[in-house]
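Colleague: I am new to this structure and would like to learn how to read its features. Could you take me through a helix and then some charged pairs?

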Amino acid sequence: MKPTHHLDITSLMSHSAGGMPSAFAIVAATHLSLCPHCRLELDHADRIGGVLLDKQEPAMLRAGAREMILDRIKSLSLEQPEIHAQDVCDLDALPLPLRPYFGETYSQLAWRFVAPGIHRATTHEAVAGGDLMLLRVAPGKSIPEHTHGGNEMTCILRGAYDDLLGHFGPGDLADLDGETFHQPVTSPGGPCICVAATDAPLRFKGWFARTLQPLFGL
Amino acid sequence: MIRKQVKSNVVDFSVKRRMPISPTTPVLDAEYWAAQIDEVARLRDPAGFMRIYDHFAPRLSRYLLGLTKSQEVTDELVQEAMLRVWTRAGSYDAARSNVVTWIFRIARNLYIDRVRNEPNWCAINEGIQYLDEMQTRFGMSTTESFNDELILQNAINALPALEARLVRMSYLEAKSHSELAKELGMPLGSVKTVLRRAFIKLQFAMRNR
């Protein structure tokens, strides 16, 4: 199944340029690993980078740099990069870009209770540029309407949810800025598991949801 | 510098007619560099590699200095990126991307890996690249031809000043769009609108070659 919700063009450029904060870049990479459409777009963005690089004014190199590299290459032979291919048949395997941060498989994730029907798994080590987490939301569950006062990028891994932006299934990416209020409702069936990056705490609409905020701790 | 004759089965006649050929025509440059990398991969000839080094290392240096703002880190990353060109020459695929795109990716990934301290970044990106390679093999993806570089370069030159400036700042300083907005005193939404407009134009040029 091909994703239907994609990275915003500006996010793609930012990702290509190396300017996207790490937490977001990891979610973007997860989507890219699942989405041929965005891989093609990223390829275009990388070409822009290539042309800009080639048009750079040449700079002076450190004295002796040329001799040093000439010396170093003599001892180095061709190498084949070790490719960790994504095993699409293994349903328990996490998408490749998430493994360094969350582990290899879904079954070994350490889910922690957040609120009824909502669990969260955090990264092994802190990630720069925002909060990165996996969320597991029970089917048919509604998350109170919220905005982030910042950016939110979510990629669905399993299950699905609906909000005012449409239906989000596996591989789909929600690339939201601080202006968007949304209230995702997970689809019936299995739980919805997604990876999310945020760079500001969630802000819930309405006093009741606000009282829940400390519970979420997001 | 002696330019090696390379087969020009990619450049069609009409393009040649429109663009008078001089030794600096990017179409020929793109072909030339692809042939050089291919030779480095096959012959392991240091002299051939140094031709690539002499062209790209000073440009990489300027580019990486813009990202890192540190001469010391830049010198190290330039060396490392060029060593990667030497050791990875065998995995360069001229049908999939031009040399400038390939080297840009190497340098960008190294920057994220080392400077932004994401030690998994190169491996993650190689994994994604591999998926792309599979796609190409099954004919599902477009390829980059040598004259694409020229088309894109012309399209970048044709961008209005503000669009060109934001695209350059975004790539050459690797700033987040919020940082760009703050620096230019523009609302974030406007920065994104300008960048989006620029990308659509450049992509239109790439798609309608």
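Predicted model: local features only at pLDDT ≥ 70, side-chain atom pairs only at ≥ 80, totals over all residues.

Colleague: What lies at the start of H3(B)?

Modeller: There, look for a side chain that reaches a backbone nitrogen. A side-chain oxygen of Asp45(B) comes to within 3.1 Å of the backbone nitrogen of Ala47(B).

Colleague: How far apart are the end C-alpha atoms of helix H3 of chain B?

Modeller: The general idea is to set the end-to-end distance against the reach of a straight helix. H3 of chain B covers residues 46–68, 23 residues in total, and its end C-alpha atoms are only 29 Å apart. A straight helix would reach 33 Å at 1.5 Å a residue, so H3(B) falls short.

Colleague: Where is the kink in H3(B) centred?

Modeller: On Tyr53(B), with an angle of about 35 degrees.

Colleague: How many residues of H3(B) are buried?

Modeller: The count is 17 of its 23 residues, and H3(B) is mostly covered.

Colleague: Now the charged pairs. How many salt bridges are there over all chains?

Modeller: The count comes to 19, taking a salt bridge as a side-chain nitrogen of Lys or Arg within 4 Å of a carboxyl oxygen of Asp or Glu. For each pair, check the distance, the positions in the chain and the exposure. Arg42(B) and Asp38(B) form one, at 3.1 Å from N to O. Because they are four residues apart in helix H2 (residues 26–43) of chain B, about one helical turn separates them. Arg42(B) is exposed, at 54% relative accessible area, whereas Asp38(B) is partly exposed, at 38%.

Colleague: Which parts of the chain does the pair Glu126(B) and Arg88(B) link?

Modeller: Their side chains meet in a salt bridge at 2.8 Å, N to O. This pair links distant parts of the chain, 38 residues apart: Glu126(B) is in helix H6 (residues 121–137) and Arg88(B) in helix H4 (residues 71–88), both of chain B. Both residues, Glu126(B) and Arg88(B), are buried.

Colleague: Is Lys175(B) buried or exposed?

Modeller: Lys175(B) counts as buried because its relative accessibility is 17%, and the cut-off is under 20%. Its side chain meets that of Glu173(B) in a salt bridge at 2.6 Å, N to O. Glu173(B) is partly exposed, at 25%.

Colleague: Which residues are linked in a network of salt bridges?

Modeller: Such a network joins Asp43(A), Asp46(A) and Arg47(A) with Arg105(B), Arg108(B) and Asp148(B).

Technical notes:
Residues numbered from 1 in each chain as written. Chains lettered and ligands numbered in written order. Heavy atoms only, no water. Helix = DSSP H or I, 4+ residues; strand = E, 2+ residues; numbered from the N terminus. Bend = angle between axes of the 7 residues up to and from the residue. Buried < 20%, exposed > 50% of the residue type's maximum accessible area, 1.4 Å probe, protein only. Polar contact = N/O pair within 3.5 Å; in protein donor to acceptor, adjacent residues only side chain to side chain.
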